[in-house]
Amino acid sequence: MDPLLKLHSVHKRFGTASVLRGVSLELRSGEIQGLMGENGAGKSTLIRILSGVLGADELACEFQGQPQPPEWLRSESKRRIRCIHQELNLVPGLSVAENLWLGKSVPAWGGAFVLRSRLESLAAEALAQLGVTHLNPREKVSRLGAGDRMLIQLGSAFVREPNEPEAQLYVLDEPTASLLPSEVEQLFAVLKHLKAQGRSILYVSHRLEEVFRLTDRLTVLRDGVVVLTGPTRQLSSRQVVEAMTGRQVLQQFPKRTLARSTEVILDAREITSQKLKSVSFSLCQGEILGLAGLGGSGRSELLRALLGVDPSTGTWALEGKAWKPGLSRFWKQQLAYIPEERRAQGLVLNQSVALNSHLPFTSRYGKAGGWIPRQPLEALAQQAWDRVGVQGSGITQRCWQLSGGNQQKVLFARATWDRPRLLLLDEPTRGVDVGAKQEIYGLIRQVSESGTAVLMVSSELEELIGLCDRVLVLQQGRVGHELPTEGLSEAQLLAYCQGLPGEAA
Amino acid sequence: MRLNCSPTAKGFREKLPDHTKFSMGLTTLIRRYGTFLGFLLIIAFFWSQRPETFMTARNWLNITQQVSILCVVAFTMTLVMVGGDFDLSVGSMASLSGILAAVLWQQGVELPASLAAAVGIGLLGGLFNGLLVAYAGLSAFVATLGTLTLFSGMALFISDGKTIFGRAIPAAVGVFSRGGWALTDALTLPNLTLIALLTFLVIDVVLRRTVYGRVLYAVGGNREASLLAGVPVARLRLWAFVINGAGAAIAGLMLVSRLSSANPTQGDGLMLNAIASVFVGMTMSEEGEPNLFGTLTGVLILGVLSNGLTQLRVDTYVQQILTGLIIIGAVLFSRLSQRHS
């Protein structure tokens, strides 16, 4: 296989921080290469340099065997390299076809009047190339789910201007973060198809299992240096994780050390809302209950009903007493919640770690007249910071400066501020690197051992099985199964989630 | 392959830290204090042009009085903008409160009662804005654009569109703005400046020292996250509007005192200048948040420009053009320096 693009000794620094320190990367035609690394390892910087958005401080590059000047990437990559990012950059009010052609010259009569039907048939064609036939090009994107939106985002990378050469290199940055399993399959089929056509693909992902299934070669970055590179077949997942974290991973899930209590904290009977159909369950002190299910099965909606964000009917009991959800009372009743989108729903990014960790409780510490008691609050925030082990410069640091894993820890600092009776977690390790994941598992275990009941939504079956005592499998808003996790395998749980328990047996 | 030339490359890299440290320091300095430096430059310019009249205590006390009314509006507007909203209706509220007081004086209402009524209409107007924005969920733009017209119409209606002046205005009202706190035999700190100072202190304490202020910053930073953290977001936003309504009403009364007359449109210009001042002030905070010291600088930039340009006998229309360009320049400059880093 021919090397398509070779990068040598890529250096990049931001201010005083060296982000890339002599990285080399070789991308070959007809090959899928995986790129892994923890948050902050330099992956996104490398991708941004590769896509020409960012200039490197130092760089040597060769394209198809020809040495090229360092500026080559900045001028040429738009034509030859297509980057597909994890965030969706679509305009909800426009149609599928219009979104596919966003930023490109739309077929138009006289250059001004859009030829709608022509655009739509071209869009259908482009989607068909990806094997996507269920989308109507005329449909507004606002009506589609996250998975379909990702497919459109992908599709737009394959739309070409009339005189544009077909891209030779595709860079995908965490494309499966919000995809359903079936959509992931579709994406993989498309990528394999591209590979067979001799294109080169750089696949960036946190998900080991995907990388092992899909890629031919694998490169691992840590602290701006390539620490491992080689054919995927010759690597073990353990080697890769150790290369990423720089330490040996001994036991992935911290085991329960205390016996389970039978004191019921939360009891839910026949909870029904727009997305839920008479869901009943109970949760004991110190127990971790997992919520499994496919996207749209009602997992997050159950948390929203508990929070009081979505109206629901049914009866709730908290420690044996009748209880009604209500967002304004939620935190005051020693209940805690960590949302799925930590940037959009969790943190006030431009504010300090201290404010973010005491946000729900601030008014409680207000003295008469509402004065803020700065020192005691800061001391408490410092305690919370130490408790969850945030790595950063201090509690006055602004949250946007922290990595994803550390941001998540700030939310844990908030959630454990008040020794909660119940903690709701929605995808607690999404977008968090392997090392931080490990620490978060430790935190969840620690919280539960201190007596807090934990209700946890996750799409990572491994962590549901590893951490939870029981798992509720939701299917279209109903509790399909309630499973003890002991002895449960990922394949079985997946089969339950997909409603095929027969295959699991 | 450039691997051969690695020694020089390495040499270059070793030199890099010093250079980057310096340029980092400079850009940070310019970004944080660029607006303030610009302010100092403007002062230096006028000082050099009018050495005998500009940089005098008398002139500066005069400037503080000239900006005092805008100060009050801009300070309370800062509160609203910290919470992530803004209020377009402050100008017409200032007109309404002033004209309401004057109409009441015409009817023979006592001074304290009429002043209370004027501030009361400000509180009510602010409450109405807050209910529309924070509870009914209208966008701040649409809601306060509506109340801008509403308050303006009310001001014209109760005064029949006429200016009230002369004997209808109690003498004490005009005397108040001419009085002050004597610093020396020749210099007095004007009463209006004192009101602006007092407003500054109150809002500063609210923003920095109270639970309300700290949490309001969180609401402005991320409304949804604050909501999910159990913060009573709507109530906090409502209160910011109420305080801002009162601020606008007080500014309206200050304006009547200063002019010794009331006109149903005389406060209308305050809104744009107040919002502009907060925006200029936002360029002075690292996170781009509204902050009171920045707002004060913004107000003073506008005040010093107007004072200095008048001393240079620059036409008022040209003054307006220059002021607009300088506001755009300040915000643009801060954006560019942020993108650069």
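The model is predicted, so local features need pLDDT of at least 70 and side-chain atom pairs count only at pLDDT 80 or more, while totals for chains, interfaces and linings use all residues. Residues are numbered from 1 along each chain as its sequence is written, and chains are lettered from A and ligands numbered from 1 in the order in which they are written.

Starting with chain A, helix α5 covers residues 146-157 (helices are DSSP runs of H or I with at least four residues, strands are runs of E with at least two, and both are numbered from the N terminus). Its twelve residues reach 17 Å from first C-alpha to last, close to the expected 16 Å at 1.5 Å a residue (the expected span being 1.5 Å times one less than the number of residues). The stretch A:Arg149, A:Met150, A:Leu151, A:Ile152, A:Gln153, A:Leu154, A:Gly155 and A:Ser156 is buried; buried means 20 or more other C-beta atoms within 10 Å of a residue's own, exposed means 12 or fewer, and partly exposed is in between, with C-beta atoms placed from the backbone. The cover over these buried residues includes β6 (81-84), α3 (96-100), α4 (116-129) and α6 (181-196) of chain A.

A:Arg143 sits in the loop between α4 and α5 of chain A. It counts as exposed because it has 10 C-beta neighbours inside 10 Å. Its C-alpha is 9.2 Å from that of A:Gly93, although the two are 50 residues apart in sequence.

Strand β20 of chain A (residues 453-457) has five of its five residues buried, so it is largely enclosed by the rest of the structure. A:Ala453, A:Leu455 and A:Val457 point one way, with A:Val454 and A:Met456 pointing the other. Strand β15 (residues 288-292) of chain A pairs with β20(A) in the parallel sense over four bridges (pairing takes at least two DSSP bridges), and A:Gly290 is opposite A:Met456. Strand β19 (residues 422-426) of chain A also runs parallel to β20(A), joined by five bridges.

Turning to chain B, there are 13 helices and four strands. Its C-alpha atoms fill a box of roughly 95 × 60 × 35 Å along the principal axes, and 48% of its 341 residues are buried. The contact between the chains takes 29 residues from chain B and 32 from chain A (residues are in contact if their C-beta atoms, placed from the backbone, lie within 7 Å). On the chain B side, α8(B) gives the most, with seven residues.

Notes: Contact = placed C-beta atoms within 7 Å.
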